[in-house]
Amino acid sequence: MSLRSVAMLSLFDTAAGAVRPLVPRDEGRVSMYVCGPTVYGPPHLGHGRFSLVFDVLRRYLRWSGLEVTYVSNITDIDDAIIKRSNEERRDWREITAECEALWWEAMDAIGVMRPDHTPHATGFVDRMVEFTGDLLGRGAAHERDDGVEVRSTVVDAYGLLSRQSRESLQAGARIEVIEGKESPTDFVLWKKAKPGEPSWPSPWGEGRPGWHTECVVMSLDLLGEGFDLHGGGQDLAFPHHENERAQALAAGSRSASMWVHNGFVEVAGEKMAKSLGNFTNLIDLVERVDPRSYRLLCLQAHYRSPIDVNESTTAQASAALDRLDALGRRIVDIGLEAEPDAATLARFRERMDDDLNTAGAMAVVADTVTRINRLLDAGDTRAAEGPASALRSMLTAVGLELRTDGNDVPADVADRCAARDAARGARDWAAADAIRDELVALGWVVEDTPTGTAVRRA
């Protein structure tokens, strides 16, 4: 664990359009809100990426000596949920419960820590009704036949997160001619229910809150004004986060101090999304490959850059994991009590503090792996202790776990390894290769090491 008590981390703030220091509102504590899933289907790889990006950020902040309060919501009422409920003629609550269970199954599989708070939109409806009434009372919203809308024109710098002017957003908006709509950029606070839809009582009739209303109310209620960081995928910057920010300002509150967004997951250069027809189920992926490979694939790219997830990139990540695990087995008893090598950790921190440059940090990890292997090959176990301790610390900081259970080898398999070593010593390469093939057929990965044949389960 790091000995630092104060983080020196800088991140790209979408609102500022620049990298700037993360300065906690409360000394020694960081408050984070990350937009969670709308539970109407299984999670896809894009969900997996934002979850991993902010899981790594959370872990790194904690490793750096800070307390972190992490909130990530569950949107359990939404147009998409209602649409599926109607199509399948099933109760919407049954669908959301089923899909939320799939969500947590996927998050557990990829090693994402559970949030400190997981507010459900349906649990905050009364507060959302109060919030809507407050905006109406301030003249920042107006009622229409189909609900209540925010007057975006009352918000200074509307368009900040999209990096566009209000005029540009209005000119580019796709608008249906709707009676009572004052501006193209106005957005819904409260939707009046149609017959048969789930609804809650309000002064404006039975209905439900708008998506943007849900998150602004839950984030401010749980984290308070001016909380430190609001995160999510790049596609949420506008309109979702823009409209969250606008509502907070219209209510006389300060929302997040920093807005952080991760890049897309792509398939053949296209953003991955259900609407584009290239949806990939995250659970299917982690059932086919080591779930850690997706974390490593995300770590090997900068969080704001797009990543391409396919058989080739996941295979490369899996191969890199094999090399890490192989070293893990070599150092299973080395450096457990040693102080981490300070120079190595300093290089790691320098990269992580520079806009969460995990790609650079993983290059430090790779260099450390090479260094440790060379020291062990030379028989200098003592010199490897500090780097081995540093390696464990760095991997803890990014949530990447080494697997060393390959050392539990049955006696008959160990005998075959010894026989292979004897064959190699006698330069009987045919016999050595035959034993290798035999072990592989039994489900073992065979590795040549300076101390002889090593095996682990495939």
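**Sheets and packing**

Reply: An open sheet of 4 strands has the order β5-β6-β7-β8, with antiparallel pairing. Two strands pair if DSSP finds at least two bridges between them; strands (E, at least two residues) and helices (H or I, at least four) are DSSP runs numbered from the N terminus.

Me: Which strands are at the edges of this sheet?

Reply: β5 (141-144) and β8 (207-209) are the edge strands, each pairing on one side only. From one strand to the next, the twist averages 25°. Axes are lines fitted to C-alpha atoms, for helices over the stretch in contact, and angles between N-to-C directions run from 0 to 180 degrees.

Me: How many bridges join β6 to β7?

Reply: Strand β6 (residues 147-150) is joined to strand β7 (residues 187-192) by 4 bridges. V150 has F187 in β7 as its bridge partner.

Me: A word on the source, please.

Reply: The model is predicted: local features need pLDDT of at least 70, side-chain atom pairs count only at pLDDT 80 or more, and totals for chains, interfaces and linings use all residues. Residues are numbered from 1 along each chain as its sequence is written, and side-chain values use heavy atoms, leaving out hydrogens and water.

Me: In what order do the strands of the parallel sheet run?

Reply: The order is β4-β3-β9-β10, in an open sheet of 4 strands. Its edge strands are β4 (67-72) and β10 (258-262). Strand β9 (residues 229-233) pairs with β10 over 5 bridges, and G232 stands opposite H261 in β10.

Me: Which strands does helix α1 touch?

Reply: Helix α1 (residues 45-63) touches β3 (29-34), β4, β9 and β10 (contact means heavy atoms within 4.5 Å). The direction of α1 makes about 175° with that of β3.
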